[in-house]
Amino acid sequence: MFYIDSDRKGTASSAREIRRKQQSKQVAEMDSESNVRKKMSDLYAKYSEKPWSETFQLVRRCMDKSRTDTKPRETIMKCMQKLQEALNVSSVNAMVTRLEMIAKQRGLGSHQSPTETACYLTADLFYLEVLLLPGGGVEDVKVAQHGDAPESNVSLLQLLRMKKFEEFSVQLDDLASLYNVPGDSDTKIKVYMSLQHLQKDLLKISNLPRHLIESDVHVDMVLNGRIGSIMSCREGHPMSIQYYTSPSDVLMEKFCPGESSRGQAAMVVVGASGTTHRLQMESLIPTPPQVDSVGLPVFRPLSETSSELLPAFFLLKLQPPLPTLNSFIHKMSQITDVTPETDLQGEPLFQLIKQAGLEEKNCKTSGDGKDVHFLKTLPDAELHNYVFGDAEWKCDSWKGAIIHTVPFTHPAHVPALLELLRHQSVINVLLASCISSHEHQPGIASDLNCEILPESDCSFSVAFSLLDSDSLAVLMISVVDCRQVHCRLLMAGLLDHSLDNYASRVLTRCLSIPITIRAIRKRMASMRSPACLISEPASVLKVESSPSTTHHAVDSIPATIPTALLSPEPMEEDGLLSPPGHYVMSVAAAPAVDINTDAVANPSPVPLWMSIHTGWPAASQQS
């Protein structure tokens, strides 16, 4: 009994001690919170009457204060940035503060002139001189590159006058990329001189005579030029190459000038390398140039006198970044003999295209292991549902990565690299024509369900149903290169090469799978019953008779191509075949159908897996 009482007393004592410590901790926390409140109140009272200029100076002193650690002052930098963005630039000091902040973000130095009428942003081999006006205005912006006198830069001046500091910072980064090499000033000067010789050789290659393929000179230069369409280095901007433009971009530029994107482009800059590469220190194209059998110049070999080993390589900085297949990345490394820095353990290509192309970052995405359904609306309100099988598209041959830069070391590499980039761009445009931010939703019935499956390298198939028929068809699409897209139509009991040619011409002109599928279905319906008129798309009737919620949901899905630019009729018009290319939307009629005498090894060429999807029409009604 004595031992039991002792244990109870000890337990009670321990419990009281624990409660006492908890109470002491709570009191200490309350005192700490009270102290924080008092300090914050004192700070508010101290700085309530002080101008913002003193707050800026205090933050700058904190940023410039020496520290023992090397961690970036991210918190203070973000604080400074938010303070600047919240205030209007209405004084010289405010403009100088904003320019100094941009310089710090881009790793540049900055200082103000003794007269306080100019602000300088400086690097090892170039500097910017910003001439200031009272009230925070900008009189002029001058750029002085290595070895050159300062020159006025109109684009940078306009950006500062319009207070577009984010765009100004991006252009400043592009200028700094011309010298983006570690090392001493001598090394940077040699790399910059090598870049200048490369740019001169690229211009020589671009100016070599060649036959026109497209009727539009600019489009022909972009799609078929050996170096694309070049914009020389000017006003501090790096050399830029436009190497691809899609048919929809060409049409938008024709009918709505200035509203289309500029397509795929690449800036020619330099990048740091962990190993040395032999870079040219003079032009490698003799004068006059000698041309080989494929129309490219014959280059002088790199020698000890015409080149130098430097810790850098040239870069094609892609704008925008390009989703690329792993096989294409491997081909690029074989051309340049430079190991790519991109992780080749990538995602399915269609997922990369969706990530790169969608503007709505918060759109609903399907989970892993599920098929993805995309809704596409055509200009005549026909609604298509395109299905990408998750398991099928995870095959190694259709995995890739989004590449931002392509390294190379010789001007001869550029034409071959651009051909691969164009080839990849065509594949991306085709798949992107079936991808949208609108995934399939309950209550929306589509007029057509299609399944897109990968086949061999650069080939894929589209399974769909025919108009006024329960029959299924498969369109095999093979992207041979950036100028050749071949189609083969597989249907049970029918083998017609004229339809293959027709589908190939339509797809080559528009690079749109929805438009091509619609054209094929209408052509097949007219061949089966020429006297019958094709009925209205089912989606039109469903929208008129469906509840308002469904009506609004369908209306919110944008058309594949603006109706004003592409009506459903041009694909069916008869006429002369236009010159080969990727931008003319009209298509010639198919030639007269001759009797097919080819032997048919398989009387039913449609794959067996198509029988799985015979329930699509019913499924679409239920969804």
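Reply: Gladly, and let us start with a helix. In this predicted model, helix H13 (residues 497–510) lies across E16 and E17. The helix runs at about 135 degrees to E17.

Me: How do you know that E16 and E17 pair?

Reply: Two strands count as paired if there are at least two bridges between them. Eight bridges join strand E16 (residues 472–481) to E17, so the pair meets that cut-off. The two strands run antiparallel. As one example of a bridge, Ser-478 has His-486 in E17 as its partner.

Me: Which sheet do these strands belong to, and in what order do its strands come?

Reply: Six strands make up an open sheet, in the order E11-E12-E14-E15-E16-E17, with mixed pairing. Strand E11 (372–377) and strand E17 (484–491) each have a single partner strand, so they stand at the edges, with one side of each left without a neighbour in the sheet. On average, neighbouring strands here are turned by 25 degrees against each other, direction ignored.

Me: Why is Cys-233 called partly exposed?

Reply: Buried means under 20% relative accessible area and exposed means over 50%. Cys-233 has 32% relative accessibility, which lies in between, so Cys-233 counts as partly exposed.

Me: Where is Cys-233, and what is Cys-233 in contact with?

Reply: Cys-233 lies in the loop between strand E6 (229–231) and strand E7 (239–244). Leaving aside neighbours within four places in sequence, Cys-233 is in contact with Gln-199, Pro-238 and Met-239. Gln-199 is 34 residues apart from Cys-233 along the chain, and their C-alpha atoms are separated by 8.3 Å.

Methods: Residues are numbered from 1 along each chain as its sequence is written. This is a predicted model: local features need pLDDT of at least 70, side-chain atom pairs count only at pLDDT 80 or more; totals for chains, interfaces and linings use all residues. Side-chain values use heavy atoms; hydrogens and water are left out. Helices (H or I, at least four residues) and strands (E, at least two) are DSSP runs, numbered from the N terminus. Axes are lines fitted to C-alpha atoms, for helices over the stretch in contact, and angles run from 0 to 180 degrees between N-to-C directions. Contact means heavy atoms within 4.5 Å. Buried means under 20% relative accessible area, exposed over 50%, partly exposed in between (1.4 Å probe, protein chains only).
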